[in-house]
Amino acid sequence: MARIGIDLERRIGTVDRRIFGQFIEHLGRCIYGGIYDEGSPLADARGFRTDVLDAVRPLRIPILRWPGGNFVSGYHWLDGVGPRDKRPRRSELAWYAEESNRFGTDEFIEYCRAIEAEPYICVNMGSGTMDEAQAWVEYCNGTGNTSWANLRRANGHAEPYRVRYWGLGNDMYGGWQIGNMNAHDYVKKARAFAMVMKRTDPTIQLVGCGQNGWSEWDEIVLGGLAELVDFHSIHLYTGTRDHYTTVFSSHQAERAIRICAALIERVRKLQGITHPIHIAFDEWNVWYRTRSHEDRVGGLEERYDLTDALAIASYLNGFIRHCREVRIANFAQLVNAIAPIFTDAKRVSLQTIYHPLRLYAEHMQAVALDVHVAGEAYDLSPAQEAASVGRIHHVSDLGPFQLLDAAATCDEAGRRLTLAIVNRERDRDLAATVDLGSATAGARPTSGRSTDPTSRRRIPSRRPTPSTSARAASISAGHASTTRSRLTPSRCCICRSPADAASAAQRARPGAPAGTA
Ligand code: AHR
């Protein structure tokens, strides 16, 4: 029996809801045929697929990153504003496609408003110039009598968009990126961009282009941009054909956060920087199946299974554990391309990875608590990692790993607790005791059905789903101090109230005493 200990007095920090952010790129069918589908009977007057909107809204996305990704390094934003029929159709060199430009800045802002997300725009630092980036900020946020602000007005948008978050290029270190460069050249160019963008609107927040959080690139870029940026970005994709390497790979994200946070602390101390710099983990996901040239041209339409969903839940637990450092995270990507939401001409489907994203966004609360898990551990060997096929990140040195991974949050008043537990054991149920320590808590766990309003057909996974479970249990503080919780296979469980929890507990284990499940 594992023991999950939660100390309600040990608060790690505030969970920034921006960690539930998402990312859309002009890639395959993410935008065209995904969120935007002009002429489809499922689209509204704006061209937005309403069935996709219905699936997107429960994800409660606080911040949406756009337009890339690799795409942005060849994108000229001016192509995508003004009358749609007059917009140029261009070669799109990042993903070997053609870009119609029918979805551009105004459509993106409209989409953000429709889902109540803050826009986050990444500028083109590949083929783009600092004048273009400056003009983009002025088009979006300008309030004066300038040609760029007036162009926005002429396009029907009198009020400034007040886009607060701006990324200084994407993956500029990578050989695959249009206009890639070395770190010192990037710093020089990014400083020039940052200056004119900030002078145009001093209220904007800038995201420097990091790599994996712990590379030489990250160190040089932080050293060169610290005085100008509010965030440093990290990207990470994980996943292999092996269940255990996949579910434990999110520990690489936590390693990256720890090291990046140390680099940030160092540079702030050395340079006497007083403003905070946080991590924007602005691309993350399981992505290893669709990596060939054909897959890229085909739009990265990866199919996900339960193992992947457990990995996603483990990532989210890690972001919650590191809530002081990670203030933005953008899941890559939202629709069709390595995505939780999948469309065809007639319907939308939800992939396995949709469910943890929704559960966490819906239930996680404002304050992260320190959680201790003592139970069965899995010793991932370097040989097992090396033998797996996919993206290998070598995390075995961080093990052995607890098979149960848990994160807990409570509200400010400490009256309501939400506990997320991920059972990463492939084949078996695991039993656990949840110990709330000295708190006098009415801890009534646990199982109950999620009331997901979006009922969708399932996408078949390409491998058998293992018998494991991701579970989020909402426990309301009040009377008992300890809860016992038995994790059952292949279920996602949520309870919304103590009453729900108690009855669900009885359903789960008929005859069990109140307060156990
Ligand atoms: O999300 C897919 C791609 O992954 C993005 O375009 C790029 O930034 C990263 O390499």
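## Two helices side by side

Helix H6 (residues 216–225) packs against helix H8 (residues 250–271) at an angle of about 30°, and their axes are 10 Å apart. Helices here are DSSP runs of H or I with at least four residues, strands are E runs of at least two, and both are numbered from the N terminus. Axes are lines fitted to C-alpha atoms, for helices over the stretch in contact, with angles running from 0 to 180 degrees between N-to-C directions.

On the H6 side, the contact (heavy atoms within 4.5 Å) uses Asp218, Glu219, Leu222 and Gly223. H8 brings Leu263, Ile264, Arg266, Val267 and Gln271.

## About the model

This is a predicted model, where local features need pLDDT of at least 70, side-chain atom pairs count only at pLDDT 80 or more, and totals for chains, interfaces and linings use all residues. Residues are numbered from 1 along each chain as its sequence is written, and side-chain values use heavy atoms, leaving out hydrogens and water.

## Around the ligand

Glu25 has a side-chain N or O atom 2.6 Å from a ligand oxygen. For Asp171, that kind of pair sits at 3.0 Å, and Gln333 also has one at 3.0 Å. The protein covers 94% of the 280 Å² of accessible area that the ligand has on its own (Shrake-Rupley method, 1.4 Å probe).

Check the loop between strand S3 (63–66) and strand S4 (90–92), where Gly69 is found: the peptide bond from Gly68 to Gly69 is cis, with omega near 15°. Another cis bond runs from Gly399 to Pro400, with omega near -5°.

Leu300 isn't a glycine, yet it has a positive phi of about 55°. Leu300 lies in the loop between helix H9 (293–297) and helix H10 (306–321).

Notes: A polar contact is a pair of N or O atoms within 3.5 Å; within protein, one must be able to donate a hydrogen and the other to accept it, and residues adjacent in sequence count only if both atoms are side-chain atoms.
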